[in-house]
Amino acid sequence: MSDILKVSVPTHGLENTSRTNPITTNDVNISNVVDPSKVVRPDGQSANPDKNLGMHYESNFQGFLEALQNKPALMETFTQIFFQMGSLITSGISQDFAAEIANFLEMIKMSPEDMVKFLQDQGGKNNKFASELFQSLKAVINNTKSVELKTAILQFLKSYNDVSSSGTTLQNIRSILQNMAKYMPKSYGERLLAVAESLEPQTTPGANEENIAALKKELIPFLSDYTKTTHDMGKVRDFITLLTLNTARYENGTMEKLFGDFQRMASFKDFQKIFGNDLQKILERFLDELTAAKGNEFTDGLLANMNHALNGKGGWEVKSAFQNIMQSLLVNESVYMPLKHYILPAEVFGNFMFSEIWVDPDCDSRQYGGTGEEKARKLFIKFDIKDIGFFDLIIFNQGDKVDLQLQYPEKFQEMEKEMKKGIAALVEKNGMVCRKVYMGKSSEPIALSEVFPQIYERKNAINVKI
């Protein structure tokens, strides 16, 4: 029994060793002795031992900040491609890619009036909740004290978003299945593609019940059996995660779910104070906006060019550039980005120009000497004109008052007074008052975080990594 428990008899003569030979802090044979009276030396242990296990505790927001810091410069990348698109057509790229580039170049030929309409359309298409109808819904949230109503509104918006995006979500599911099949044995891949082909095309907003049934009753069980049989822990497992998320979103995008969420939201008196009591008419207004949503010609053209480039039809350099463009655009559309983002590639009076714009529509005017009572806006505009140079423009607007800061290429330094007068006259021509104009030559591009430090406001907030 003693052998099993590893019990041994103490060695004779060592019973009182600890009393006769006390440990001292100066004993060189003892490592990292703790002396309560002082810190003698570092103990060599990591402050966060879990780091050695490869665990990451940074938040989702911290991940966004890192992506923002490391994202490629969209201005440099886009102008590199955009200013050379004409020569790309004759550089031996595929015929269909050349046709898409030619269409894109025709699309961006604009007058100054066209540029204004282009930005307005881009803002409306990029934000499906920007209409007057949804601004009224925002007013309900701001005016009610009911937590239940706010929750109901947010749930309705989620359902509305999933319904309006149901076609895109189905396309994502098809793409995931096609990519997943490439990493499976042929027999499994063929069965997977057969299920993908059986999904009904999406022609109207709202998820198709037959597609939901196929995904839940055929596809998910098939993939579950596949992982149990093959123990595949590679790429297929990652695709299954994406498929599950898209399936859940697709299932949430049914018209039945939307109607139920609307009825719950519309049952509150605070909602009816702003929208009225004719619930059928209110619902029809939401449905009209849902069916009126259309694609954006510019966005479709850009995506077509991006698709050809990422498929390698323009060479390695073009593919790398479009990958950087896609990464930068996605970061600027992050849910953590508190700004509206626009891009404006245009050919005006024969000159190629690319502009990138960030807008804070709810700027705190007190930082700029305002009262804080009237709504203020802050804009940061970067624009590069071919053969002319790169400019940084910061605009603060409150009511009819405007403050501007412009950084221009060094070669225009002698024209500063003339540019200052021209800018002031242009502002006054549009019915506003130019209070202050700051101008100077550009030594280096202004960073986005310098203009909008509120991007980092959540940095010290509690967050999680999912």
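## Basis of the model

The model is predicted, so local features need pLDDT of at least 70 and side-chain atom pairs count only at pLDDT 80 or more, while totals for chains, interfaces and linings use all residues. Residues are numbered from 1 along each chain as its sequence is written, and side-chain values use heavy atoms, with hydrogens and water left out.

## The chain as a whole

The chain contains 20 helices and six strands. Helices (H or I, at least four residues) and strands (E, at least two) are DSSP runs, numbered from the N terminus. Of its 466 residues, 37% count as buried. Buried means under 20% relative accessible area, exposed means over 50%, and partly exposed lies in between (1.4 Å probe, protein chains only).

The chain exposes about 28800 Å², and carbon and sulfur atoms supply 52% of this area. Accessible areas come from the Shrake-Rupley method with a 1.4 Å probe; for residues, only the protein chains shown count as cover. Among contacts between residues at least 6 apart in sequence, 65% join residues at least 24 apart; contact means heavy atoms within 4.5 Å.

## The second largest pocket

A pocket is found on a 1 Å grid over the protein atoms alone, with a 1.4 Å probe: it is an open set of points with protein on both sides within 12 Å along at least five of seven lines, and lining residues have an atom within 4 Å of a point. The second largest pocket holds about 490 Å³ of space. Its volume is the space filled by probe spheres set on the points, which are joined across faces, edges and corners.

There are 22 lining residues, and Lys71, Ala73, Lys382, Ala447 and Leu448 lie nearest the centre. Helix 4 gives the most to the lining, with four residues. Among the elements that each supply at least two residues are helix 3 (60–70), strand 2 (351–363) and strand 3 (376–385). The lining divides into 14 nonpolar, three polar and five charged residues. Here Ala, Val, Leu, Ile, Met, Phe, Trp, Tyr, Cys and Pro count as nonpolar, Asp, Glu, Lys and Arg as charged, and the others, Gly among them, as polar.

## Helix 17

Helix 17 (residues 297–310) has 14 residues and reaches 20 Å from its first C-alpha to its last, close to the 20 Å expected at 1.5 Å a residue. The expected span is 1.5 Å times one less than the number of residues. Its buried residues include Phe298, Leu302, Asn305 and His308. Gly312, which follows helix 17, has a positive phi near 80°.

## Two residues and their contacts

Ser136 lies in helix 8 (residues 132–143) and counts as partly exposed because its relative accessibility is 23%. Its C-alpha is 7.2 Å from that of Ile274, 138 residues away along the chain. Leaving aside neighbours within four places in sequence, Ser136 is in contact with Ile274 and Phe275.

Ile357 lies in strand 2 and is buried, with a relative accessible area of 8%. Ile357 and His341 are 16 residues apart in sequence, and their C-alpha atoms are 5.7 Å apart. Beyond neighbours within four places in sequence, the contacts of Ile357 include Leu119, His341 and Phe380.

## Positive phi in loops

Most residues other than glycine have a negative phi. His231, not a glycine, has a positive phi of about 55°. His231 is in the loop between helix 12 (209–230) and helix 13 (235–252) and is exposed, at 60% relative accessible area.

Asp387 also has a positive phi, near 70°. Asp387 lies in the loop between strand 3 and strand 4 (389–398) and counts as exposed, at 71% relative accessibility.
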